[in-house]
Amino acid sequence: MLSRDARHIALQQVGANGQQKIAAGTALLIGAGGIGCAAATYLASSGVGRLIISDFDTVDETNLGRQVLYTPEDVGKLKAEIAAQRLRTLHPGIEVTSITQRLEGDTLSTAILAADIVLDGCDNFATRFQVNDACVRAGRRLISGSAIRLEGQLAVFGPDYENSPCYRCLYVEADESLDNCAGNGVLAPVPGVIGTLMAVEALKFFVGIDTDTSVLRLYDAATTEFRSVRIRKREACPTCAASGAR
Ligand SMILES: [Zn+2]
């Protein structure tokens, strides 16, 4: 155990045992944008043993305000590769791999099965739905986050819990007003807030701190307030029906 873990080891809720669980954990991050950069930074610095960073996009100058793992020299380079390089320098003792192809179908399922937990910080509903469905099928915990304008959302879905709703129980169809921050704008640290909370939830999962998997947290940066909305398992949810998890 390294002295860099001392503040975790001093925590009653983590301890040496919990830190070993963190070191033995594997997290898959979908998207290395503003949310993914923040989440991955804390997962790496906390010593999560294996991180898999998935993003097929390249760094654009408009990303630099909030995607804090990238510098102006990285513009045009693959985000997942640059992110993985930076994360390895944060904590040389962990393993970081990058996936630069678009994850869908079997490659998505394989990547999810290789992880203990999935953090989805992607920027579009099509991917969120696919990731949700694959997590339900694989029985993997899914931490989902999004950020747009001055608003953020966070939810933890637990197919490992009985009667837990899924992302499609929450969203029947894509809500395009929540897609694509290029058209909508986003205050730079808001994705960082959400990504950081996702890292907290992932560490809680690794060390066994219980979390509520039936609630959507809405962060409003304008009022500095969080609102909690109860999510119910939806009778007509196609994903839950297909998994037999009803
Ligand atoms: Zn569902």
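Is Glu 151 buried, partly exposed or exposed, and how many other C-beta atoms lie within 10 Å of it? Here are some notes on this predicted model, starting with that residue.

1. Glu 151 is partly exposed, since 18 other C-beta atoms lie within 10 Å, and a residue needs 20 or more to be buried. You will find Glu 151 in strand S6, residues 151-157. Setting aside neighbours within four places in sequence, its contacts are Leu 218, Tyr 219 and Asp 220. Val 75 is 76 residues away along the chain, and its C-alpha atom is separated from that of Glu 151 by 27 Å.

2. Do have a look at Arg 149, in the loop between strand S5 (141-148) and S6. Arg 149 is not a glycine, yet its phi is positive, at about 50 degrees. Most residues other than glycine have a negative phi. Arg 149 is partly exposed, with 16 other C-beta atoms within 10 Å.

3. Asn 163 deserves a glance too: its phi is positive, near 65 degrees, and it is a residue other than glycine. Asn 163 sits in the loop between S6 and helix H7 (167-170). With 12 C-beta neighbours inside 10 Å, Asn 163 counts as exposed, because the cut-off for exposed is 12 or fewer.

4. Now to strand S1, residues 26-30. Four of its five residues are buried, so S1 is largely enclosed by the rest of the structure. S1 pairs with strand S2 (residues 50-54) in the parallel sense, over five bridges; within this pairing, Thr 26 has Arg 50 as its bridge partner in S2.

5. In S4, the residue opposite Ile 30 is Asp 120.

6. Ten of the twelve residues are buried, so H3 is largely enclosed by the rest of the structure. Among these buried residues are Gly 34, Ile 35, Cys 37, Ala 40 and Leu 43. Just after H3 comes Gly 47, with a positive phi of about 90 degrees.

7. Which residues of helix H2 (residues 15-23) are buried? They include Gly 18, Gln 19 and Ile 22. These three cover an arc of only 100 degrees around the axis, which puts them on the same side of H2. As a reminder, an α-helix has 3.6 residues a turn, so residues three or four places apart point the same way. Ala 16 and Asn 17, on the other side of H2, are exposed. The packing partners of the buried H2 residues are helix H1 (6-9) and helix H9 (189-207).

8. Finally, the largest nonpolar core has 66 residues, and Leu 29, Ala 40, Leu 51 and Ala 202 touch the most other members. H9 gives the largest share of this core, nine residues. In soluble globular proteins, nonpolar side chains tend to be buried together.

Methods:
Residues numbered from 1 in each chain as written. Predicted model: local features only at pLDDT ≥ 70, side-chain atom pairs only at ≥ 80, totals over all residues. Helix = DSSP H or I, 4+ residues; strand = E, 2+ residues; numbered from the N terminus. Pairing = 2+ DSSP bridges. Arc of directions from axis to C-beta. Contact = placed C-beta atoms within 7 Å. Core = buried A, V, L, I, M, F, W, Y, C linked by C-beta atoms within 7 Å.
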